[in-house]
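Okay, thanks for coming, everyone.

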Amino acid sequence: MISKKQYIFIIILAITLGVLTAIRQINFWMTAILIFLSVTLIVYIPYVWYMYFSKDTEKIEAYLKQRTKQPIIHFYCGLADSDEREVDEALHLLKKKYKSPNITAIFTVAYAALENRLSAVRDDILLIKDPSVRQYYEALLQVEEGHYEEAEEMSSTLTKPWMGESLKAELLHKKGLFEQAAVHETKAIELTKGMQRYLS
């Protein structure tokens, strides 16, 4: 999870803080706390940045590809690449690691959405804990089953703007209005950040 640059930076920082605290005669515990907080920030800031805030898909991809040993990241990289073999492998690892169907439901449903077979995982949609994500997949299920009016009503109640735009794009695709769908797809991508932007 930690890159070579981060290791080097942590070592340099620890040495520098050690020398500065020796020169300034700062308490050992204060130095230990400073080093701990600094290391924590160095480790987690890139993760949080690329997973939730970055809009540079190339950098997000590079960051994620270095961490595909983690089953969740492996799954999402396979999903972004539309690589069924990789997604199947990662999904198997996730189900082996997380025994609770409530946890694995989101992965099963995301994979089914990629393959346009949400109706096959209808029960899993109900297991998704996050209400906004559950409602989004329920709306996509309505589109897949041809219930366009219900899906349109649901699009206005989605809490995240990118979800509404994505749903509108899907609706327009099903209706054969490809140019209008492309406009909403672009808007949906513009509204996303981090991992979600990479998946778009």
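**A walk along the chain**

Let's start at a loop: Gln25 sits between α1 (4–24) and α2 (28–53). Helices here are DSSP runs of H or I with at least four residues, strands are E runs with at least two, and both are numbered from the N terminus. Before I go on, the ground rules: this is a predicted model, local features need pLDDT of at least 70, side-chain atom pairs count only at pLDDT 80 or more, and totals for chains, interfaces and linings use all residues. Residues are numbered from 1 along each chain as its sequence is written, and side-chain values use heavy atoms, with hydrogens and water left out.

Back to Gln25. Its phi is near 55°, a positive value in a residue that isn't glycine. As background, most residues other than glycine have a negative phi. Is Gln25 buried or exposed? Gln25 counts as exposed because its relative accessibility is 71%; the cut-offs are under 20% relative accessible area for buried, over 50% for exposed and partly exposed in between, with a 1.4 Å probe and protein chains only. Asn116 also has a positive phi, near 55°, and Asn116 is in the loop between α6 and α7 (122–127).

On domains: the chain splits into domain 1 (1–53) and domain 2 (59–199), with bounds from an automatic or database domain assignment. Taken over C-alpha atoms, their centres are 36 Å apart. Nine residues from domain 1 and nine residues from domain 2 make the contact, where contact means heavy atoms within 4.5 Å.

Next, α9, residues 148–155. Which of its residues are buried? Ala151, Met154 and Ser155 are. They sit on the same side of α9 because they cover an arc of only 105° around the axis, the arc being that of the directions from the helix axis to the C-beta atoms. On the other side of α9 you'll find Glu149 and Glu153, both exposed. The cover over the buried residues includes α8 (131–144) and α10 (161–174).

Have a look at Thr108 too, in helix α6 (residues 101–114). Thr108 has 10% relative accessibility, so it counts as buried. Leaving out residues up to four places away in sequence, Thr108 touches Leu91, Lys95, Val121 and Asp124. Glu179, in α11 (residues 178–190), is exposed, with a relative accessible area of 72%.

Last, the rings. How many aromatic pairs does the structure hold? Eight, where rings of Phe, Tyr and Trp (its six-membered ring) pair if their centres lie within 6.5 Å, with planes under 30 degrees apart stacked, over 60 edge-to-face and the rest tilted. Phe75, Tyr76 and Phe107 form one aromatic cluster. And there are charges over rings: the charged end of Arg67 is over the Tyr63 ring, 3.7 Å from its centre, and Arg117 lies over the face of Tyr111, at 5.5 Å from the ring centre. For that, NZ of Lys or CZ of Arg has to be within 6 Å of the ring centre and within 35 degrees of the ring normal.
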